[in-house]
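Please read it alongside the sequence and the structure shown here.

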Amino acid sequence: MNVLIIGGGAREHVLAWKLSKSPKVRSIFALPGNAGISKLGKCIAGNPLDFDSIKLEVLKHGIDLVVVGPETPLVEGIVDYFIQDQQLKNTIIIGPTKKGSMLEGSKAFSKSFMKRHKIPTAEYISVTKETFEQGLAFLENQYPPYVLKADGLAAGKGVLILDYQKKAQNTLQEMLDGQYGKASKTVVIEEFIDGIEVSCFVLIDANSYLLLPYAKDYKRIGEKGTGLNTGGMGAVSPVPFVNRQLSNRIEREIIIPTINGIRNENLDFKGVLFIGLIITNGQPKVMEYNVRFGDPESEVVIPRLNNDLVDLFLGISNNTLSSIQLDINPQTATTVMAVSGGYPVNYTVGEQITGLDDTLTDSSIVLHAGTKIGKNNQVITSGGRVLTVTAFGSNHYQALERCYKRLENINFNKKYIRRDIGHDL
């Protein structure tokens, strides 16, 4: 079959890399893709939110399977578009409908969903301009730090953690006044929960689900978890402290009630559910839902799957996940992201990347995030998160050593990496 991947980051590169290994895949296309994906298939210039243009590409290239990487096309209804179009309705597309995507598209909706279905999460209040005073009262009853979240998608910038109540009050006003456009017309204020984060991926069809390996990512730009939040600086899978007892509790208290809630509310969810968890005093709580593969967790979870990824996607589409037995590589996978200096605030693009073709004795996978082909067929940077290296090992120490060794040979101007990924484990 011919496959189209929507998106152009490292998540999409690892999907393309894994799909390229399937005997069921004839050709891979990506829109817009990146320099790394271009080595595996054809990259198509375009906007992932221009559904009419995507339709033309699907028909032109005889696409059989569409895999949606980022959240925004899902929240904007790309799956609904395919289902309702007479020429596309038989094309398999992986992801939930617009209704199901509300679990990520609206934090207020997802929090109320958790409350309705008694899923453990932080205490919260949803605030609009009309309920601003109630929001202030909620803040007065909280201990610092204070957590404010724009209700809608805000390009990863809508979550703020503030140390001072006065700053939180002022920021709440600014957000409601349009700091993040329509995304912050409603703001969710949450109780701050201290703990350790874990990422959980669940494949869901109409009847059953499959739980993929757990992962832990590292969001902060600085070592020891300091500095600004980023799209992710690295990840590890499996997570050593997620033992059978904790995994069973997560499944019993969070995953099953979530799926039951999805079905009870007819949310039309078939695809990948990412559950961001925080473990506090041994109890798992939900921080957020995402309705697609996470990044950079995908770069360690997907390489650990020995299954043909096409079979898993067909299982979602055909409601046959219950017949699939997961085959997981028992080794540890780690990934370390190389970013442009100044990221996530100010950084330059267009820097030449060298060392991509160097070979090492230790196996590793280089996955492109923000790259493109420049003049003279050179690979250059095109984003803040440039590329990541994934490697396997008997434990996370060995895997990380291989990641860092590979990254030593890859260079671009002002390259920055975190040197402490996995140290807290």
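A crossing of two helices is called left-handed if the near helix is turned anticlockwise from the far one by less than a right angle, and right-handed if clockwise. In this predicted model, helix H7 passes helix H8 in a right-handed crossing. Helix H7 (residues 132–140) and H8 pack with their axes 10 Å apart and at an angle of about 155 degrees, which makes H7 roughly antiparallel to H8. From H7 the contact draws on Phe132, Gly135, Leu136, Leu139 and Glu140, and from H8 on Gln165, Ala168, Gln169, Leu172, Gln173 and Leu176. Sorted by class, the residues of this contact are 6 nonpolar, 4 polar and 1 charged.

| Helix pair | Angle between axes | Axis distance |
|---|---|---|
| H7 and H8 | about 155 degrees | 10 Å apart |

H7 lies across E6, E7 and E9 and runs at about 155 degrees to E6, while H8 lies across E6, E7, E8 and E9 and runs at about 5 degrees to E7. These strands form an open sheet of 4 strands in the order E6-E9-E7-E8, with antiparallel pairing. Strand E6 (124–127) and strand E8 (159–162) stand at the edges with a single partner strand each, so one side of each has no neighbour in the sheet. From one strand to the next the twist averages 20 degrees. Within the sheet, strand E7 (residues 146–150) pairs with strand E9 (residues 187–190) in the antiparallel sense over 4 bridges, and Lys149 stands opposite Val188 in E9.

Asp177 lies in helix H8 (residues 165–179) and is partly exposed, with a relative accessible area of 48%; its C-alpha atom is separated by 31 Å from that of Phe51, 126 residues apart along the chain. In helix H6 (residues 107–116), by contrast, 8 of the 10 residues are buried, so the helix is largely enclosed by the rest of the structure. The buried residues of H6 include Phe109, Phe113 and Met114, and also Lys107 and Lys111. H6 is followed by Lys118, whose phi is positive, near 55 degrees.

Methods
Residues numbered from 1 in each chain as written. Predicted model: local features only at pLDDT ≥ 70, side-chain atom pairs only at ≥ 80, totals over all residues. Heavy atoms only, no water. Helix = DSSP H or I, 4+ residues; strand = E, 2+ residues; numbered from the N terminus. Buried < 20%, exposed > 50% of the residue type's maximum accessible area, 1.4 Å probe, protein only. Axes fitted to C-alpha atoms, helices over the stretch in contact; angles between N-to-C directions. Parallel < 35°, antiparallel > 145°, perpendicular 65-115°, else oblique. Contact = heavy atoms within 4.5 Å. Nonpolar A, V, L, I, M, F, W, Y, C, P; charged D, E, K, R; others polar. Pairing = 2+ DSSP bridges.
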